Amino acid sequence: MDKEEIYLKLIQKFGVETQSVVAVEELSELQKEVCKMLRKIGNVHNLAEEIADTLIVIEQLMLIHNCESEVALLKAQKLQRVYERYLKNEM
Ligand SMILES: [Mg+2]
């Protein structure tokens with residue numbers, strides 16, 4: 001079973017609203033781990049765990065809202081734009 005099938009099963013079982021709430025919760029958990037790393041009380045394993053959780057919920061959000069292609073395009077455009085600003089010393 002591929003990850004998209006697993007995501008669809010989760011979304012069908014728990015619903016869009018619950019999976020959206022879980023996404024917000026996971027984003028918050030990642031914020032907390034990033035703060036712990038900055039405070040020198042975190043560890044890379046816990047950070048990696050929250051990054052993995054966050055990627056999973058982000059992929060579910062893209063599936064729910066059918067915007068994976070748009071996200072990929074915007075990501076490429078934004079990365080290019082920030083690199084151009086970097087080259088021009090505008091940041
Ligand atoms: Mg988590």
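Asn66 follows helix α3 and has a positive phi, near 50°. The model is predicted.

**Helix α3**

Helix α3 has 21 residues. From first C-alpha to last it reaches 30 Å, close to the 30 Å expected at 1.5 Å a residue. Glu50, Val57 and Gln60 of α3 are buried. These residues cover an arc of only 80° around the axis, so they sit on the same side of α3. The buried residues of α3 pack against α1 and α2. The face turned away from that buried side carries exposed residues: Val44, His45, Ala48, Ala52 and Leu55.

**Packing of α1 and α3**

Two packed helices are described by the angle between their axes and the distance between the axes. The axes of α1 (residues 3-14) and α3 (residues 44-64) come within 10 Å and cross at roughly 75°. That angle makes α1 roughly perpendicular to α3. The table lists the residues that make the contact.

| Helix | Contact residues |
|---|---|
| α1 | Lys3, Glu4, Tyr7, Leu10, Ile11 |
| α3 | Glu59, Gln60, Leu63, Ile64 |

By class, this contact of α1 with α3 has five nonpolar, one polar and three charged residues. Gln60 belongs to the contact and is also buried.

**Glu25 in α2**

Where does Glu25 lie? Glu25 is in helix α2, residues 16-38. Is Glu25 buried or exposed? Glu25 counts as exposed because it has 12 C-beta neighbours inside 10 Å, and a residue with 12 or fewer is exposed. Glu25 and Asp2 are 23 residues apart along the chain, and their C-alpha atoms are separated by 24 Å.

Definitions and conventions. Residues numbered from 1 in each chain as written. Predicted model: local features only at pLDDT ≥ 70, side-chain atom pairs only at ≥ 80, totals over all residues. Helix = DSSP H or I, 4+ residues; strand = E, 2+ residues; numbered from the N terminus. Buried ≥ 20, exposed ≤ 12 C-beta atoms within 10 Å, placed from the backbone. Axes fitted to C-alpha atoms, helices over the stretch in contact; angles between N-to-C directions. Parallel < 35°, antiparallel > 145°, perpendicular 65-115°, else oblique. Contact = placed C-beta atoms within 7 Å. Nonpolar A, V, L, I, M, F, W, Y, C, P; charged D, E, K, R; others polar. Expected span 1.5 Å × (residues − 1). Arc of directions from axis to C-beta.
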